[in-house]
Amino acid sequence: MVKTPGFIEIFSSANRKIVWFYVKNIYNVQYYPDFFRSLEPELNQIIKTRVQQGAIKFNLKLEATYNRPNVHNSSENQAVFIKLLTEEEVYTSRKSRFTIESIDRLLLAVYKYTPMGGSSYIQLPNVDQQCFKWAVIAKHVTGENKFRIGKNYRQHEDKYNFNGLSFPTYLSDITKFEKNN
């Protein structure tokens, strides 16, 4: 029911870690580059504002409707963005005979980026500080007690080379493990 131009915030998660914006193609622009160019200043401003609040990731989802002329009920909604511009020519070629009916809308999701880091801690029943080792070996463990570390895990220790790693294992040690194995 949007009748105004520009991005509208439509949803946010707890503490605004994810914010969704919506823009409708109210001017019925038919050419993708023109549609994106018209949104570029506002899109850049939204992203710039969110970057000032910390690192971000974002997704764009473009929705457009295609149809085949002279074919009843042939409209098909396409929401592919990554390859959209390169595939448009193929999609609308003589082979498919689809033509663009409308560029419908664009959804923008902006996520607060929280990369995985070391020094996180989860209370586990084992007390030996070798959580990384047991996590790697876990793929080989079967049976009823596969969630308890014992002989069932230790019998698989020789399948990997853990030399040079410290326990608890630092994120920087992962490359050592990869080189060893």
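Beyond its neighbours within four places in sequence, F7 is in contact (heavy atoms within 4.5 Å) with F21, Y22, V23, L39, E42, L43, I46, L106 and L108. The model is predicted, with local features requiring pLDDT of at least 70 and side-chain atom pairs pLDDT 80 or more, while totals for chains, interfaces and linings use all residues. Residues are numbered from 1 along each chain as its sequence is written, and side-chain values use heavy atoms, without hydrogens and water.

A nonpolar core is defined as a set of buried Ala, Val, Leu, Ile, Met, Phe, Trp, Tyr and Cys residues joined through side-chain atoms within 4.5 Å, where buried denotes under 20% relative accessible area (1.4 Å probe, protein chains only). The largest such core holds 20 residues, of which F7, F21, Y32, L62, L106 and L108 touch the most other members. Two or more residues each are given to this core by β2 (18–24), α1 (32–52), β3 (56–67) and β5 (99–112); α1 supplies the largest share, seven residues. Another core, of nine residues, lies apart from it and includes I137, V141, Y153 and Y160.

The buried residues of α1 are Y32, P33, F35, F36, L39, L43, I46, I47 and R50. Directly after α1, G54 has a positive phi of about 135°.

Six aromatic pairs were counted, taking rings of Phe, Tyr and Trp (its six-membered ring) with centres within 6.5 Å. Ring pairs join F132, Y160, F162 and F177 in a cluster. The charged end of K133 sits over the ring of W134, 5.4 Å from its centre, and over the ring of F162, 5.4 Å from its centre (NZ of Lys or CZ of Arg within 6 Å of the ring centre and within 35 degrees of the ring normal).

Technical notes:
Buried < 20%, exposed > 50% of the residue type's maximum accessible area, 1.4 Å probe, protein only. Helix = DSSP H or I, 4+ residues; strand = E, 2+ residues; numbered from the N terminus. Phe/Tyr/Trp six-rings, centres within 6.5 Å; stacked < 30°, edge-to-face > 60°.
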